[in-house]
Amino acid sequence: RLVRKYSWSGSLGYIENGAGRLETRTREGEFAVEFQNADRFAVSATNAYEFLPVPFRIAPTVTLPVGGYAFTSGRVSFARSTQQRFSGTASLERGSFYNGDKTTLGVSGGRANLGARVSVEPSYSLNRVSLVQGDFTTHLLGTRLTYTPTSFMFASAFVQYNSTNHAVSSNVRLRWEYLPGSELFIVYNEERDTLVPRFPDLTNRAFIVKINRLLRF
């Protein structure tokens with residue numbers, strides 16, 4: 001802690017995997033400042049290496065050939081404290097990516113408390129990628145609505161759109177702690193293809209019920 005109002009921290013990580021041949025390697029470093037109100041500003045850098053043993057289809061019209069790729073990127077982020085009514089993390093990342101470059105703009109962990117029982121958690125990620133084999137842009141947009149009527153029960157609904165596969169997915173979940181340590185979950189999942197004319201085509205659906213009971217001896 002260098003001054004009274006700010007806290008500085010740093011970290012460095014290294015991961016390497018491979019059996020006889022280097023397959024993946026990641027080096028990461030971060031420098032962060034945390035303010036007294038728990039807001040956080042961070043600058044980080046990543047240096048990575050990845051070997052593709054087979055062609056990799058990274059986008060519907062873009063396929064990377066076999067080979068080794070080294071790339072480096074830098075990231076700047078600001079995180080609003082969860083103690084605030086409106087919180088979340090905004091970030092910007094830019095750097096080399098395989099045999100080209102990538103720019104990522106994202107908002108994650110967003111949360112807005114609309115009252116004591118209702119909250120909304122939006123998220124968004126934009127990736128602009130330029131490679132030798134072609135350029136593409138992806139969007140990932142989602143939001144979660146949570147309602148907590150009591151401390152023993154909550155219901156949430158999550159909807160997400162992924163431009164990579166043109167899919168809209170949803171998840172609805174109810175959790176009820178009917179006894180201390182004993183819970184009931186009711187979950188509904190669904191995914192639809194937005195490229196189909198008229199109403200989006202259903203590609204996946206699941207209905208799940210889970211119950212557990214804590215037995216004390």
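A: Let us begin with pairing: two strands pair if DSSP finds at least two bridges between them. In this predicted model, β8 and β9 pair in the antiparallel sense over nine bridges. Across this pair, Asn-113 stands opposite Ser-119 in β9.

Q: How many residues lie between β8 and β9 in their hairpin?

A: Four residues lie between them, and Gly-115 in the turn has a positive phi of about 160 degrees.

Q: In which sense do β7 and β8 pair, and over how many bridges?

A: Strand β7 (residues 86-97) and strand β8 (residues 100-113) are antiparallel, with eleven bridges.

Q: Which residues have the most contacts inside the largest nonpolar core?

A: A nonpolar core is built from buried residues joined through side-chain atoms within 4.5 Å. Here the largest has 13 residues, and those with the most contacts inside it are Ile-58, Leu-64, Phe-97, Tyr-98, Leu-131 and Phe-136. The elements giving two or more residues to this core are β3, β4, β5, β6 and β9. Beyond its neighbours within four places in sequence, Phe-97 is in contact with Ile-58, Phe-71, Lys-102, Val-129 and Leu-131.

Q: Which residues form the nonpolar patch on the surface?

A: Phe-41, Val-43, Val-76 and Phe-78 form this patch, with about 290 Å² of accessible area together. Both β3 and β6 give two or more residues to the patch.

Methods. Residues are numbered from 1 along each chain as its sequence is written. This is a predicted model: local features need pLDDT of at least 70, side-chain atom pairs count only at pLDDT 80 or more; totals for chains, interfaces and linings use all residues. Side-chain values use heavy atoms; hydrogens and water are left out. Buried means under 20% relative accessible area, exposed over 50%, partly exposed in between (1.4 Å probe, protein chains only). Contact means heavy atoms within 4.5 Å. Patches are made of residues with over 30% relative accessible area and no salt bridge: like charges are joined within 9 Å, nonpolar side chains (Val, Leu, Ile, Met, Phe, Trp, Tyr) within 5 Å. Accessible areas come from the Shrake-Rupley method with a 1.4 Å probe; for residues, only the protein chains shown count as cover. A salt bridge is a side-chain nitrogen of Lys or Arg within 4 Å of a carboxyl oxygen of Asp or Glu.
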